[in-house]
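Here are my notes on this model, as promised. Have the structure open while you read.

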Amino acid sequence: MFILNLTYIKPIMEVEKYLSNHIAFLDKYYNTGNFICSGRKNPRTGGIILCNAQDLNEVNTILQEDPFYREKIASYEIMEFLPTKYAPDFKSFI
């Protein structure tokens with residue numbers, strides 16, 4: 001499992017310009033089961049995506065499709081973690 005920490009590196013006007021395409025990207029990977037949850041940081045300096053992927057290569061392949069990545073709207077910190085304790089409803093993601 002991976003936490004994708006996005007930090008905007010362009011002004012919010014640029015973020016807004018690509019937001020609908022970014023949402024379509026998110027929807028695609030929610031439908032494949034790769035994305036578990038996502039949302040904006042507060043204050044609005046970027047976002048977080050919880051991603052279920054086999055390995056870092058799969059994560060990087062997925063990110064290539066993100067308009068925020070392609071247009072250099074955000075930088076990405078990728079953190080892998082291995083869940084060892086979780087709520088029962090979360091078990092299907094492990």
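1. Ground rules first. This is a predicted model, where local features need pLDDT of at least 70 and side-chain atom pairs count only at pLDDT 80 or more, while totals for chains, interfaces and linings use all residues. Residues are numbered from 1 along each chain as its sequence is written, and side-chain values use heavy atoms, with hydrogens and water left out.

2. Have a look at the ring pairs, of which the structure holds eight. Rings of Phe, Tyr and Trp (its six-membered ring) pair if their centres lie within 6.5 Å; planes under 30 degrees apart are stacked, over 60 edge-to-face and the rest tilted. Tyr8 and Phe68 make an edge-to-face pair, because their planes sit at 85°, with the centres 6.0 Å apart. That pair joins distant parts of the chain: Tyr8 is in strand β1 and Phe68 in helix α3 (residues 67-70), 60 residues apart. Helices (H or I, at least four residues) and strands (E, at least two) are DSSP runs, numbered from the N terminus.

3. Are Tyr8 and Phe68 buried or exposed? Both are buried, where buried means under 20% relative accessible area, exposed over 50% and partly exposed in between (1.4 Å probe, protein chains only). Tyr86 pairs with Phe90 in a tilted arrangement, 6.5 Å centre to centre and 50° between the planes. Tyr86 is at 33% relative accessibility, so it counts as partly exposed.

4. There is also a ring cluster: ring pairs link Phe25, Tyr29, Tyr30 and Phe35.

5. Phe35 turns up again in the largest nonpolar core, which has 21 residues; Leu4, Leu6, Cys51, Val59 and Phe68 are also among those with the most contacts inside it. Such a core is a set of buried Ala, Val, Leu, Ile, Met, Phe, Trp, Tyr and Cys residues joined through side-chain atoms within 4.5 Å. The largest share of this core, six residues, comes from α1. Leu4 touches, not counting residues up to four places away in sequence, a set of residues including Phe35, Cys51, Val59 and Ile78; contact means heavy atoms within 4.5 Å.

6. Finally, His22 lies in helix α1. At 8% relative accessibility, His22 counts as buried. Leaving out residues up to four places away in sequence, His22 touches Leu6, Asp66, Pro67 and Phe68.
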